[in-house]
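These are my notebook entries on a structure that I had not examined before. I set down what I looked up, in the order in which I looked.

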Amino acid sequence: MKPIRPLIEIDDARALIRQHFSERPVKKERVPLFEALGRYLAMDLNADQDMPPFDKSTVDGYAVNTSMLHRKLTSGENLSNGCPSLRLVGEVVMGTEVAIEEVDLEDSCIYIPTGGFLPKGFDAVVKLEEIEQKDGRICFENLMNQSGDKSMPVFQLQPGTNVIRKGEDVQAGDKIIKRGRRLTRYDLGVLGMLGFKEVEVIVPPSLSIATTGDELVDIDAPLSPGKIRDINGTVLAGIAREWGLGPVKLTRLEDTYEAVESYVKSEIDQCDILITSGGSSVGKKDYIPAVVQSLSDHGLLFHGMNIKPGKPIGVAAMKGKPVVLLPGNPVSTVVGFIVLVSELVNQFGFDIQHPFCYAELMETIGAEDGRTTYHMVRLTEGEEKMEAAPLRGKSGLITYIANADGYVVVPLETGEVKAGSRVKVFLL
Ligand SMILES: Nc1nc2c(c(=O)[nH]1)N[C@H]1C(S)=C(S)[C@@H](COP(=O)(O)OP(=O)(O)OC[C@H]3O[C@@H](n4cnc5c(N)ncnc54)[C@H](O)[C@@H]3O)O[C@H]1N2
Ligand code: MOO
């Protein structure tokens, strides 16, 4: 049996995926905004108007014109009632625009509640608790220097104080959310603000995942010698679900050429992406590569990646659809799914994000077997920074990844990452 060769580098594998599956035709659907959480937006969305659509107060208080008030506070004029004051000319009613006509801005202020429409000519709001009312006038003495030195006003009021400006949230024409973005609850707020009661989202690709191996039994089956429980389908379906993909159909296949062939032949018509887990290496009963090689459009685009774990990963196109061969070792299958299936799904217009943080590596780790290595780490909060402790484990041990918070990629070029380095930890 020949070894798996040549082993392709991760960037080349991703490039081949982009080349062969670029711009997959995607189905779109309109969903009510409240059902759009976690869905991927099907088009770029632009704001068609300024939001908020008017200047509004952020406090309960008195709307003023700052330059006029400033003049009062500094000039010492108009102290008939003993303090710098403005005439109260009216009240802003919530949800309406108050038309203030022919107001003498030099000597006017107006009561305004939080959220109220700031009338024309006024540019700031003084909080209720900072004023006093005397003889129908509003006194602003509290804005003065408490030492009593009238020549040195405290007066920190500026145009825009306690005001949200028209267009401060979004401006007409702004690109607010990009196509492919997974909508967060806060995005729903932005979309709601702009009047989108429904949004167009991408229909996620359906995944058929087959696990293979005569040693595999159902999760609820008793274990006889040599048997293990089939967990990979459940784990991969979990990642798919977290990413908002699916539906996912799980099947377990016998380790025979015929079983694999008949499954792949018929299943490719039932799904958008076909994924196998196990039987992808060079063993006597590893039939998947041979079956896919013979049934696919142009043979395997590659089989064998220079990454650890995940060496026997392969990708092919069948009837134009992607077929991904993942290894059987549980951690290898997960790493393959994360690094390659995300790239594939992005060709369907999704923008799958891989969240990360930075941390200090607590022990030196190497690129094992001369392959780019995905090393599982545990994160803890150090005194000044996050600390990443490398875990010991093997790709055949599910607890190696279950006990990890993330992984660090050890690149081939350097061959190792030294203890004390600042590393990027991709969160699991
Ligand atoms: N002579 C060589 N042997 C192997 C090589 C190699 O290059 N030369 N590569 C090794 C690497 S690296 C990996 S990874 C594995 C992957 O092999 P397969 O994809 O053929 O996977 P299997 O042999 O079917 O399974 C491997 C391992 O994982 C267990 N497994 C499989 N499926 C599941 C499942 N659904 N749930 C739980 N556990 C599963 C299976 O029982 C095996 O223990 O090949 C190396 N060999
Ligand atoms: O690549 Mo295998 O996935 O080393 O365990």
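This is a predicted model: local features need pLDDT of at least 70, side-chain atom pairs count only at pLDDT 80 or more; totals for chains, interfaces and linings use all residues.

Entry 1. At which residues does UniProt place the feature "domain: MoaB/Mog"? I found that the record, an unreviewed entry, puts this domain at residues 208-347. For the span 208-347 I noted 34% helix and 26% strand.

Entry 2. I then turned to ligand 1. I noted 20 residues surrounding this ligand. The closest are Glu 215, Asp 230, Gly 279, Ser 280 and Lys 311. Next I looked up individual atom pairs. In the side chain of Glu 215, an N or O atom is 2.6 Å from an oxygen atom of ligand 1. For Asn 232, an N or O atom of the side chain is 3.4 Å from a nitrogen atom of the ligand. Asn 329 takes part through its backbone: a polar atom there is 3.3 Å from an oxygen atom of ligand 1.

Entry 3. Which residues surround ligand 2? I listed Lys 308, Pro 309, Gly 310, Lys 311, Asn 329, Ser 332, Arg 371 and Ser 395. By class, this shell holds one nonpolar, four polar and three charged residues. Three of its members I followed to the atom level. Ser 395 has a side-chain N or O atom 2.4 Å from an oxygen atom of ligand 2. Arg 371 places a polar side-chain atom 3.0 Å from an oxygen atom of the ligand.

Entry 4. I moved on to a sheet. In what order do the strands of the six-stranded open sheet lie? I read the order as β7-β4-β6-β5-β9-β8, with mixed pairing. The edge strands are β7 (124-127) and β8 (132-134), each of which pairs on one side only. On average, neighbouring strands of this sheet are turned by 40 degrees against each other, direction ignored.

Entry 5. Strand β8 is joined to β9 (residues 137-139) by three bridges, and the two run antiparallel. Gln 133 has Ile 138 in β9 as its bridge partner.

Entry 6. Which strands does helix α2 lie across? I found that α2 (residues 66-75) lies across β4 (61-64), β5 (85-91), β7 and β9. The helix runs at about 150 degrees to β5.

Methods: Residues are numbered from 1 along each chain as its sequence is written. Chains are lettered from A and ligands numbered from 1 in the order in which they are written. Side-chain values use heavy atoms; hydrogens and water are left out. Two strands pair if DSSP finds at least two bridges between them. Helices (H or I, at least four residues) and strands (E, at least two) are DSSP runs, numbered from the N terminus. Axes are lines fitted to C-alpha atoms, for helices over the stretch in contact, and angles run from 0 to 180 degrees between N-to-C directions. Contact means heavy atoms within 4.5 Å. UniProt positions are given in the numbering used here, feature names are shortened, and annotations may be inferred rather than shown by experiment. A residue is near a molecule or strand if one of its heavy atoms lies within 4 Å of it. A polar contact is a pair of N or O atoms within 3.5 Å; within protein, one must be able to donate a hydrogen and the other to accept it, and residues adjacent in sequence count only if both atoms are side-chain atoms. Ala, Val, Leu, Ile, Met, Phe, Trp, Tyr, Cys and Pro count as nonpolar, Asp, Glu, Lys and Arg as charged, and the others, Gly among them, as polar.
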